[in-house]
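Please keep the sequence and the model in view while reading.

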Amino acid sequence: MPRFKPYDYKQTVMLPVDFEQQILPGTFEYSLHYLVDNELDLSIFNSKFNNDEAGRPAYDPAILLKIVLLAYSRGVTSSRKIEALCRENVIFMALSADSRPHFTTIADFISGSAEQIADLFHQVLMVCDALGLIGHEMFAVDGCKMPSNACKEWSGTHDDLKKKAKKIDRAVRFLLNKHREEDKKGPPDPTMRQREEKQKETLTKASRKIKKFLTENKKRQGRRGKEVKSNITDNDSAKMKTSHGVLQGYTGVAAVDAEHQVVVHAEAFGTGQEHGLLEPMLEGIRKAFNGNYHNCGDEILSEAKILADSGFHSGQTLEHLEAEGIDGYIADPGFRSRDPRFKTASRHKPQDSGASKIHPKKRFSVSDFQVDLANKTCVCPAGNPLWLKCAKAKIGERLFMQFMGYQADCDRCAKRSQCLRDIRQKGARQVNVLLETLSSPKIGIIERMKQKIDSVFGRHIYGQRLGIVEPVFGNLRETLGLRRFSLRGRTKVDGQWKLMTMLHNIGKIHRYGWTL
Ligand code: SF4
């Protein structure tokens, strides 16, 4: 028979905890504690309080900031979980001096301090610069699309939403009529009736919510003045396509310095399209370095190289770079196809298992269609006529005449597999016939950027983009666990994005800046 050490749960142990001894030098929490207490000016929060003569004393923003940043650094973004950590985890107890703020206080602090967080981001950036972590020579800009606290099912143009409300009203009317009919026949099934009553109530509420939204909000306009989809839960967010499907959220854009991957400017935008976002990002860098830092002043952009991927490529952006005298390296969508180093890249891509996609070279091209531009007609290789979709469609800097196959013809066509990009495609074939290339100054700018990117020096410079900016997103997503924004509204989401990127910068200070 083995013998074990005796134990007894009915006993009391007094454990003395010295909070200062819990925050050990060399740890992230020590750097954070030191930074907040010695380097940051938290008087920016004073305007939020009005209790100097009456009312309860508030929690010190230093305490809230420390525990929020420490929790975020461990991938905890829920206010309830942060509150629990302050009760149960000795490091959090020590950092918060055992003050145990309620989760609503923590949530209000995060969501209601966007302006102050922007200021703190700037102060942390100043510390990074003073420690020599910023090289000022090269900045890479990139964005990452993330879902926010918004529902994509509640998005659409105003017409879509009107249709949705009508559909819901029809469903409510259907239930009402059904109940009337059932009542005539005798007492209904109480369980079923209760369930349907609840369903009716939910639908009525939803319809009311849509109608209220439509009366209170104007149509959202895109950059080109066209209406874009609104969203009832968060109208600042956008429905966007990503490689992992469609999501409703924001694009968090970061400008990263090449020296130590410090984020010099971060901003969240309620759009999925990145072209047009480089200008505000450059303005943000300029403001951040506007005379505050040694040797920089206003010249920061004219002396640095700016790298961005093809998402940011547009004639307007390139014009802006030229006008401002900025040395930009912005790739165009086709730059890899011109780069001999990517010649064998397709070998390393996963092969499509099904034979659904056909080789682009085998697909019917425009030359296989009989086009009569004078009479605006087009006949496909199967002998079927196509209808004129648009006589002059402007795509980029080129004008096209667009024809479209009839759905019924394409559905039963024997040459479908040679004609459509994907045989699973539901729509009919579209053919764009080039009419003319517009002689625009933008063409010259685009060509010049192509030549710059394709040069040996350009490829060497642009090749550094991936190593500068992508590790930052990797750290934010994988280490800090930022998979989605938990707030609504661009201001609040922007605050959360700045908070996370500021945390990334504090990590840089902890690792490379101080020897505490
Ligand atoms: S898929 Fe449509 S457009 Fe193409 S050949 Fe067949 S009918 Fe013509």
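**The ligand and its surroundings**

The ligand sits in the largest cavity. A cavity here is a set of points, on a 1 Å grid over the protein atoms alone, where a 1.4 Å probe fits but cannot get out; a molecule sits in one if more than half of its atoms lie within 2 Å of its grid points. This is a predicted model, in which local features need pLDDT of at least 70 and side-chain atom pairs count only at pLDDT 80 or more, whereas totals for chains, interfaces and linings use all residues. Residues are numbered from 1 along each chain as its sequence is written, and side-chain values use heavy atoms, with hydrogens and water left out.

Around the ligand are Cys380, Ala382, Asn384, Asp409, Cys410, Cys413, Cys419 and Arg429, where a residue is near a molecule if one of its heavy atoms lies within 4 Å of it. This shell comprises five nonpolar, one polar and two charged residues. In this classification Ala, Val, Leu, Ile, Met, Phe, Trp, Tyr, Cys and Pro count as nonpolar, Asp, Glu, Lys and Arg as charged, and the others, Gly among them, as polar.

We turn next to an annotated span. UniProt, in an unreviewed entry, places the feature "domain: Transposase InsH N-terminal" at residues 18-110; such annotations may be inferred rather than shown by experiment. The end C-alpha atoms of residues 18-110 lie 29 Å apart, and the span is 56% helix and 0% strand. Helices (H or I, at least four residues) and strands (E, at least two) are DSSP runs, numbered from the N terminus.

Helix α7, residues 114-130, contains Asp129. Is Asp129 buried or exposed? With a relative accessible area of 1%, Asp129 is buried; the term buried means under 20%, exposed over 50%, and partly exposed in between, for a 1.4 Å probe and protein chains only. The side chain of Asp129 makes a polar contact of 2.8 Å with the side chain of His136. Such a contact is a pair of N or O atoms within 3.5 Å; within protein, one must be able to donate a hydrogen and the other to accept it, and residues adjacent in sequence count only if both atoms are side-chain atoms. Asp129 and Val262 are 133 residues apart along the chain, and their C-alpha atoms are separated by 9.4 Å.

Two loops hold residues with positive phi. Gln261, in the loop between β7 (245-257) and β8 (263-269), has a phi near 55°, a positive value in a residue other than glycine. Lys376, in the loop between β11 (370-372) and β12 (377-379), has a positive phi of about 55° although it is not a glycine. Lys376 is partly exposed because its relative accessible area is 41%.

Glu478 counts as exposed because its relative accessibility is 55%, whereas Asn475, at 16%, counts as buried. The side chain of Glu478 makes a polar contact with that of Arg483 at 2.7 Å, while the side chains of Asn475 and His504 are joined by a polar contact of 2.8 Å. The C-alpha atoms of Glu478 and Lys450, 28 residues apart along the chain, are separated by 34 Å.

Conventions. On a 1 Å grid over the protein atoms alone, a cavity is a set of points where a 1.4 Å probe fits but cannot get out, and a pocket is an open set with protein on both sides within 12 Å along at least five of seven lines; lining residues have an atom within 4 Å of a point.
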